[in-house]
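Let's take a walk through this one together. Have the sequence and the fold side by side as you read.

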Amino acid sequence: MESMFRSTTICGVKKDGKIALAGDGQVTMGQSIIFKSTAHKVRRIYNGNVVIGFAGATADAFSLCEKFENMLNKFSGNLMRSAVELAGIWRNDKARQLDAMMIVADKNLLLVISGNGDVIEPDEGIVAIGSGGNYALAAARALKQNTELSAKEIAQKALEIAGQICVFTNENITVEEV
């Protein structure tokens, strides 16, 4: 059964030795009701050393985040190993896939983790997920290629642009940088 609560946009940008994640605050019920506009879907975990942003079915997104944090604790904060181990668990459990995605970052690495068991390191240091992900991705690529903005500024501006186009994305934006 599909979750009633969904929709968001998360964007990650890596530039000049910094990585920033930005996410909007909208939670949508069905296709037409804004249930909440101030959700925080970008947050710091693992003693503030890792930033995550999640999109998808709410319960699945929280489950994916919790499982990822458990892996970080198990593997002493090694982001890649934690992501790969988490993905392996989900690939081996054919009965359960999570309807969620996550962007994770530490000071060196930016990854996407899906509830299907995928781990992807994005090209060009830019990634976006969620309902407005394609809009934010296009905006972030253009901004990175044509401006001198920082990673944090690009992530913020990309979410603002997505919020102007995507009805499932608002302009109540949280940005975290590592």
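Find helix H2, residues 79-92, which lies across S7, S8, S9 and S10 and runs at about 10° to S9. Keep in mind that this is a predicted model. Helix H1, residues 58-74, lies across S6, S7, S8 and S9, and its angle to S7 (50-56) is about 155°.

So what are these helices lying across? The strands belong to an open sheet of five, in the order S6-S7-S8-S9-S10, with antiparallel pairing. Which strands stand at the edges? Those are S6 (42-45) and S10 (119-120), and each has a single partner strand, so one side of each is left without a neighbour in the sheet.

Now zoom in on one pair inside that sheet. S8 takes in residues 100-105 and S9 residues 110-114, and the two pair in the antiparallel sense over five bridges. If you'd like a spot to look at, valine 104 stands opposite leucine 111 in S9.

Next, a couple of loops. Go back to the two helices: the loop between H1 and H2 is where you'll find serine 76. This serine isn't a glycine, yet serine 76 has a positive phi of about 50°. Is serine 76 buried or exposed? Serine 76 is exposed, with a relative accessible area of 61%.

You'll spot aspartate 16 in the loop between strand S2 (9-15) and strand S3 (18-23). Its phi is near 50°, a positive value in a residue other than glycine. Aspartate 16 is exposed too, with a relative accessible area of 70%.

Technical notes. Residues numbered from 1 in each chain as written. Predicted model: local features only at pLDDT ≥ 70, side-chain atom pairs only at ≥ 80, totals over all residues. Heavy atoms only, no water. Pairing = 2+ DSSP bridges. Helix = DSSP H or I, 4+ residues; strand = E, 2+ residues; numbered from the N terminus. Contact = heavy atoms within 4.5 Å. Axes fitted to C-alpha atoms, helices over the stretch in contact; angles between N-to-C directions. Buried < 20%, exposed > 50% of the residue type's maximum accessible area, 1.4 Å probe, protein only.
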